[in-house]
Amino acid sequence: MNSQVELKKPVLVIDDEADIRDLMELTLIKMGLSVQTAAGVAEAKKALRNHAFSLVLTDMRMPDGSGLEIVDYITEHNLDIPIAVITAYGNAVQAVQALKNGAFDYLQKPITLAQLRTLVKSVLTINHSSDTDSITKAATSTKQSEVKSQNVSEPVRGNQSAAQERLLGHSPLIAEVRQLISKLAKSNVPVYIAGESGSGKEQAARSIHEQSARKDKAFVAVNCGAIPEALMESEFFGYKKGSFTGADNDRAGFFQHADGGTLFLDEVADLPLSMQVKLLRAIQERAVRRIGEMEEKQVDVRIICATHKDLNALVETGQFRQDLFYRLNVVSITMPPLRELRDDLPELIQVLLRRILRDETMTLSPAAEQALLQYSYPGNFRELENILERAIALSKNHIIEVDDLQIQSFSFDNQRNLSADSVHNPAEENPARTDFQFGHTQIQDYLDDVERHILQQALAQTRYNRTQAAKLLGISFRSMRYRMERLGIA
Ligand SMILES: Nc1ncnc2c1ncn2[C@@H]1O[C@H](COP(=O)(O)OP(=O)(O)OP(=O)(O)O)[C@@H](O)[C@H]1O
């Protein structure tokens with residue numbers, strides 16, 4: 001995309017220092033953009049009243065007020081102009097406030113030409129996507145970048161309504177989350193998603209991506225807890241051919257794959273400290289250097305991260321860097337556990353059943369329904385999906401009975417206080433598996449059944465945390481995910 005063609009409306013540059021205004025103007029003009037300048041808040045508001053702009057770049061501290069006032073002015077008047085603020089080095093608090101109030105991005109002084117370029121490129125993507133929104137919506141297939149790597153999941157389709165449907169439920173807690181997601185999708189702000197295992201953190205991240213201007217670019221999901229420390233740098237930043245033994249080809253890292261799109265760092269608390277430093281640098285500089293290469297290259301990546309651990313506590317004990325925490329945790333979303341969406345349960349169960357069954361029909365016996373409504377779901381949505389899948393497989397005559405669920409019908413309040421170890425373990429209670437019957441049983445079906453059983457047992461014991469379950473079984477996360485997929489465990 002060429003900025004000379006795309007940005008027809010001028011850029012408004014607001015700064016009280018004439019030298020900086022001139023420098024920015026010159027730089028932007030060199031990029032083929034037209035520019036208007038304002039020396040303070042009052043002058044800027046006047047310009048915004050009278051002209052249309054494609055982008056606003058504002059300093060934060062000016063004699064007649066703060067850049068925040070401009071951010072608020074644009075938000076309050078629904079001007080629909082992306083605004084980026086320029087803050088003094090080290091003033092992250094201000095930057096965060098601006099992002100929360102609706103700024104699209106921020107730059108720290110001293111600004112480099114490369115940073116300005118990346119920023120303008122992001123704006124082009126946004127303008128371009130709103131210009132072509134109707135075309136994109138009408139199209140049946142959307143452009144996607146294929147990402148294939150260990151610990152990286154597949155790219156997603158960019159479809160607005162599908163994005164909203166990712167998170168089911170009508171309870172105020174989940175409705176609030178959906179609303180926040182739609183709001184955050186319009187900006188570039190780093191988002192930190194907290195919540196128990198299986199509560200939908202990855203779904204929330206995908207939903208932000210799919211509703212954002214980045215939707216046609218890659219969504220790269222990385223499980224930070226599953227990458228061996230020695231491979232971290234090359235996995236994140238890529239390498240050049242010949243840079244170390246075994247580097248037979250140039251290889252892109254997660255950052256390069258996610259350029260223009262979203263990088264989702266799952267289980268971010270598991271990043272070793274050495275990698276945390278490198279990640280912080282990449283985020284601050286918006287640039288990465290492949291192993292074996294001299295030069296850094298700019299990347300335009302939106303970072304979303306998640307963990308089921310208490311990141312605040314890890315910062316306090318020194319296991320997670322505070323500066324990185326501030327960078328990642330600009331805005332946070334907390335995914336409610338399923339037990340707090342109790343009013344939604346009857347509908348959720350029906351929707352999930354229909355999803356799993358497709359065209360088949362099956363009913364829940366009243367006792368089974370009651371048991372499902374009373375269970376506390378320590379493994380949240382993932383556990384509910386697993387229970388239903390298993391129950392369907394075990395059911396006879398198209399009726400799911402309470403025994404098919406293999407859960408204990410504790411009440412919500414009773415079970416909320418149970419520890420992970422005391423969570424009901426279906427395998428222990430039902431150890432007698434059907435014997436292998438020569439001439440009748442298929443060996444592969446039998447072995448699959450055994451394997452499925454062991455995986456489910458490990459998942460239940462680790463509260464449906466796949467990384468921990470893999471560790472418990474002594475297999476890699478990749479292998480765990482592959483096996484879960486193969487055996488139809490959600
Ligand atoms: N609100 C929801 N509505 C429907 N399905 C959901 C919802 N939340 C989660 N799920 C389903 O539950 C499963 C787990 O979700 P997801 O992987 O997003 O959880 P997570 O919090 O990222 O888990 P982990 O901590 O283990 O990484 C997925 O199959 C997802 O489709």
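Me: Is the crossing of helix 16 past helix 18 left-handed or right-handed?

Reply: It is a right-handed crossing. Right-handed means the near helix is turned clockwise from the far one by less than a right angle, left-handed anticlockwise. Helices (H or I, at least four residues) and strands (E, at least two) are DSSP runs, numbered from the N terminus. This is a predicted model: local features need pLDDT of at least 70, side-chain atom pairs count only at pLDDT 80 or more, and totals for chains, interfaces and linings use all residues. Residues are numbered from 1 along each chain as its sequence is written.

Me: Which residues of helix 16 make the contact?

Reply: Leu-352, Leu-353, Ile-356 and Leu-357. Helix 18 brings Leu-384, Glu-385, Leu-388, Glu-389 and Ile-392. Contact means C-beta atoms, placed from the backbone, within 7 Å.

Me: OK, strands now. How many residues of strand 6 are buried?

Reply: 5 of its 5 residues, 83-87. Buried means 20 or more other C-beta atoms lie within 10 Å of a residue's own, with C-beta atoms placed from the backbone; exposed means 12 or fewer, and partly exposed is in between.

Me: Which ones point which way?

Reply: Ile-83, Val-85 and Thr-87 point one way from strand 6, and Ala-84 and Ile-86 the other.

Me: What joins strand 6 to strand 3?

Reply: 4 bridges, and the two strands run parallel. Strands pair if DSSP finds at least two bridges between them. Val-56 has Ile-83 of strand 6 as its bridge partner.

Me: And how many bridges join strand 6 to strand 7?

Reply: 4, again with parallel strands. Here Thr-87 partners Gln-108 of strand 7.

Definitions and conventions
Contact = placed C-beta atoms within 7 Å.
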